[in-house]
Amino acid sequence: MTDATASAPARSKTTGGAFYRLVWKWHFLASLYVLPFMAMLAVTGGIYLYKPFIEERIYADRLNVEVGTEQQSYEAQLAALSAVTEVSRVRGIMTEDQPDRSTVIEFDDGNRIRSLAWINPYTADVLAVQPRDEMAMQVLRKVHGELLLGDFGTKFVELAAHWAIVMFITGLYLWWPRGQRTVKKAFSPPSGKGRSFWRETHLFTGILAAVLVVPMIVAGLPWTDVWGGGLSYVQQQTGTNSKSLRFGGDVPNSTTSEGMPLSYAEVFAIARAEGLVAPYETRPPRDAGAAYWIRSAHIDRANQAELIIDQYSGAVLKRHDFADNPLVARVVSQGISFHQGELYGWLNLAQNTLAALLALVLSVSGFVAWWMRRPAGSLGVPAAPEASLGTGMIVLVIGLSILLPLVGASLILALVLDWLIFRKLGWFQGGPAT
């Protein structure tokens, strides 16, 4: 958000008063929708960055065990779980290969609720059982991604992400040094008092946030329904999608049903022999003809690998390493790792923490500056004289609408509503500048 005087002349197509105030109006209207979401995403995302540390703190009694002399078999641990709760399907067994850590079993209970159980591997005691979606960080993740409203809520979050990019583009234009606003002034920390301080804080924070927050937004887009769904379709059509073995596809079955199936311990031993890096996650065969799937769940995606293992002979039927993915799939995956603060260790975590703080300050300062500026009883939409757009700006708007489809769809809807309703009611038309 920024200031402009009422007497600013309406000059030129793409520079000067008229166009500047038009961009300011776009920025303002986008911010009305984006800033509340940005504050929520900054808080929830900033906390979620520390998921391993938080879970280690609040779930210490189920994650850590006293080291014993001999571990129980995984089959015995599963039997112990079945003795305390109904297990309708075993989804996976996870182990960190550390002697003081519990075994984690993911399963569907009798009501087909996806749940997690923590088992002491030395005593087979069930330390805790909890539905996965009731885990504290899983709830936080659902707030962050879908407002706890499922597929309906995720559209609103994605719309905010799309318009946030537009908000940053228009904000950079408004921030850009011009007239009496020098480069030195543009990069100076906020000063002054009252609304001037909040306005300068918004401008200064905005330029820093544009550098750190926009890459996080872009890296998170593959998770979204519309943009991410479109990317997945393009990847499938071009053969650049992930070749992961996790969700089926061209996965071989076990070659014979004769003999005894392997134990889980033997499957983990094969993974170690094949050079997979702990922690491990394995999924049991669904039937007598299927095979074991096991992967390395290492935080470094370059170390992640998957195996399909014959459940009778122990032969490795197929292997998939991260490097086997097409370039686009690797970039998308590493982008998600970056978004979660995992790509390059503590520096990535610190960078994303700073980005979350900047996004929160940007949201609060923008709100306060608007609240102090707005005339009583109105939104205080900036006045914007009619300004024609040059060819370059038209191309930019069309390009953004294609690259960010929810921007295009919502823009068309807004124009229709403005023509049918808003103009007649006098909404969002802007008043005298102050």
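Predicted model: local features only at pLDDT ≥ 70, side-chain atom pairs only at ≥ 80, totals over all residues.
Residues are numbered from 1 along each chain as its sequence is written, and side-chain values use heavy atoms, with hydrogens and water left out. Local features need pLDDT of at least 70 and side-chain atom pairs count only at pLDDT 80 or more, whereas totals for chains, interfaces and linings use all residues.

The secondary structure of the protein chain comprises 14 helices and eight strands, where helices (H or I, at least four residues) and strands (E, at least two) are DSSP runs numbered from the N terminus. Of the 434 residues in the protein chain, 42% are buried; here buried means under 20% relative accessible area, exposed means over 50%, and partly exposed lies in between, with a 1.4 Å probe and protein chains only. The accessible surface of the chain comes to about 22300 Å², and 62% of this surface belongs to carbon and sulfur atoms; accessible areas come from the Shrake-Rupley method with a 1.4 Å probe, and for residues only the protein chains shown count as cover. When contacts (heavy atoms within 4.5 Å) are taken between residues at least 6 apart in sequence, 62% of them join residues at least 24 apart.

In soluble globular proteins, nonpolar side chains tend to be buried together. A nonpolar core is defined as a set of buried Ala, Val, Leu, Ile, Met, Phe, Trp, Tyr and Cys residues joined through side-chain atoms within 4.5 Å. The largest such core in this model has 30 residues, and those with the most contacts inside it are Met38, Trp163, Met167, Phe168, Val213 and Ile217. Two or more residues are given to this core by each of the elements α1 (17-48), α6 (150-175), α8 (194-220), α12 and α14 (405-425), and the largest share, eight residues, comes from α6. Leaving aside neighbours within four places in sequence, Met38 is in contact with Ala164, Met167, Phe168, Ala359, Leu362 and Ser363. Apart from this core lies another, of 21 residues, which includes Tyr74, Ile270, Tyr280 and Ala305.

Helix α6 also contains Gly153, which counts as buried at 0% relative accessibility. Apart from residues within four places in sequence, Gly153 is in contact with Glu146 and Leu147.

The strands β7 (residues 305-309) and β8 (residues 316-321) pair in the antiparallel sense over five bridges, two strands being paired if DSSP finds at least two bridges between them. Within this pair, Ala305 stands opposite Asp321 in β8. The two strands form a hairpin with six residues between them, and Gly314 in the turn has a positive phi of about 80°. Asp310 is placed in the loop between β7 and β8 and counts as buried, because its relative accessibility is 0%. Not counting residues up to four places away in sequence, Asp310 touches Ser254, Thr255, Thr256, Leu262, Ala291, Ala315 and Leu317. Asp310 and Pro252 are 58 residues apart in sequence, while their C-alpha atoms are 8.7 Å apart in space.

The structure holds 15 salt bridges, each being a side-chain nitrogen of Lys or Arg within 4 Å of a carboxyl oxygen of Asp or Glu. Glu106 and Arg114 meet through their side chains in a salt bridge of 2.5 Å, N to O; Glu106 is buried, with a relative accessible area of 8%, whereas Arg114 counts as partly exposed at 33%. Glu106 also forms a salt bridge with Arg132, the closest N and O atoms being 3.9 Å apart. This second pair links distant parts of the chain, with Arg132 in the loop between β4 (126-131) and α5 (136-146) and Glu106 in strand β2 (residues 103-109), 26 residues apart. Arg132 is partly exposed, with a relative accessible area of 28%. Glu106, Arg114, Arg132 and Asp133 are linked in a network of salt bridges. In another salt bridge, Arg199 and Glu200 have their closest N and O atoms 2.8 Å apart, and both residues are buried.

On the surface, Leu343, Tyr344, Trp346 and Leu347 form a nonpolar patch with about 450 Å² of accessible area together. Patches are made of residues with over 30% relative accessible area and no salt bridge, like charges being joined within 9 Å and nonpolar side chains (Val, Leu, Ile, Met, Phe, Trp, Tyr) within 5 Å. Trp346 lies in helix α12 (residues 345-373) and is exposed, with a relative accessible area of 68%.
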